[in-house]
Amino acid sequence: MSIGHDGKEEQGDFPDFPPWPTKRQTSLYPVRAAPVLTSHTRRDARSQKGQHRMYPLQLTINGKAHETNVDPRVSLLDLLRENLGLTGSKKGCDHGQCGACTVIVNGRRINSCLSLAVSHDGDEVTTIEGMASDDGLSPLQAAFVRHDAFQCGYCTPGQICSATALLEELERGEPSVVTKERVELADEEIRERMSGNLCRCGAYNNIIDAILEVAEARA
């Protein structure tokens with residue numbers, strides 16, 4: 001049975017719809033009230049959410065021993081910059097694509113923005129602050145100045161750290177993607193090994209010249 005447009009009941013094939021639930025029926029499914037949040041409960045929730053276990057960390061940076069407690073989510077780059085005040089290493093892309101954060105860990109260059117600080121317990125880290133000595137700039141730093149191998153300078157700390165490790169790789173005879181029979185000091189070899197460090201000012205040719213000069217002097 002259904003109701004026609006004129007308000008009268010009509011016979012048809014339409015099924016009878018169930019009646020609306022009564023007040024008593026709806027009371028079987030009570031709506032639960034939301035909890036009341038006071039300033040105290042909000043503050044407690046925030047404090048509990050912000051609590052994370054801290055881990056002890058010991059590492060040597062530029063020849064100096066450091067002991068600290070670190071959040072397991074903190075990158076090595078943030079530890080250096082925010083916790084230890086070593087702001088020479090730069091945060092560029094924060095995705096390991098530009099190389100501005102390059103540091104040397106146990107003789108190997110890494111992107112410090114992609115490496116968790118807690119994974120370096122006991123390691124030796126060298127940053128741009130550890131390149132110069134009491135006698136002055138390192139040979140590579142001095143070569144960068146002579147060849148005008150930087151403009152804005154933002155990428156320079158990462159470039160120098162990467163190039164320093166590159167020279168060690170050449171001395172160890174470690175091959176790269178473009179190495180043929182043996183490692184040779186060539187423009188193509190340097191460009192390939194420095195391809196992970198971007199210079200938005202475009203000082204690539206001067207950077208190559210600076211690295212080649214120091215590499216030839218060490219050969």
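Helices here are DSSP runs of H or I with at least four residues, strands are runs of E with at least two, and both are numbered from the N terminus.

A word on the source. This is a predicted model: local features need pLDDT of at least 70, side-chain atom pairs count only at pLDDT 80 or more, and totals for chains, interfaces and linings use all residues. Residues are numbered from 1 along each chain as its sequence is written, and side-chain values use heavy atoms, with hydrogens and water left out.

Back to α5. The helix has 17 residues, 156–172. At 1.5 Å a residue, α5 should span 24 Å, and its end C-alpha atoms are 24 Å apart, so the two agree. The expected span is 1.5 Å times one less than the number of residues.

Is α5 mostly covered or mostly open? Mostly covered: 14 of its 17 residues are buried. Buried means under 20% relative accessible area, exposed means over 50%, and partly exposed is in between, using a 1.4 Å probe and protein chains only.

Next, the partner. Two packed helices are described by the angle between their axes and the distance between the axes. α5 packs with helix α7, residues 204–218, at about 35°, with the axes 11 Å apart. Axes are lines fitted to C-alpha atoms, for helices over the stretch in contact, and angles run from 0 to 180 degrees between N-to-C directions.

Which residues touch? In α5, Q159, A163, L166, L167, E168 and E171; in α7, I207, I211, V214, A215 and R218. Contact means heavy atoms within 4.5 Å. These residues divide into 7 nonpolar, 1 polar and 3 charged. Ala, Val, Leu, Ile, Met, Phe, Trp, Tyr, Cys and Pro count as nonpolar, Asp, Glu, Lys and Arg as charged, and the others, Gly among them, as polar.

Now the loops. Most residues other than glycine have a negative phi. N62 is not a glycine, yet its phi is positive, about 55°. N62 sits between β3 (55–61) and β4 (64–70), and is partly exposed at 28%. D94 also is not a glycine and has a positive phi, about 65°. D94 lies in the loop between α3 (76–83) and β5 (102–105), partly exposed at 36%.

Last, cysteines. How many disulfides are there? The structure holds 0. A disulfide is a pair of cysteine sulfur atoms within 2.5 Å. For C152, the closest cysteine sulfur is in C201, 3.7 Å away, too far for a bond. C152 is exposed at 57%, while C161 is buried at 1%.
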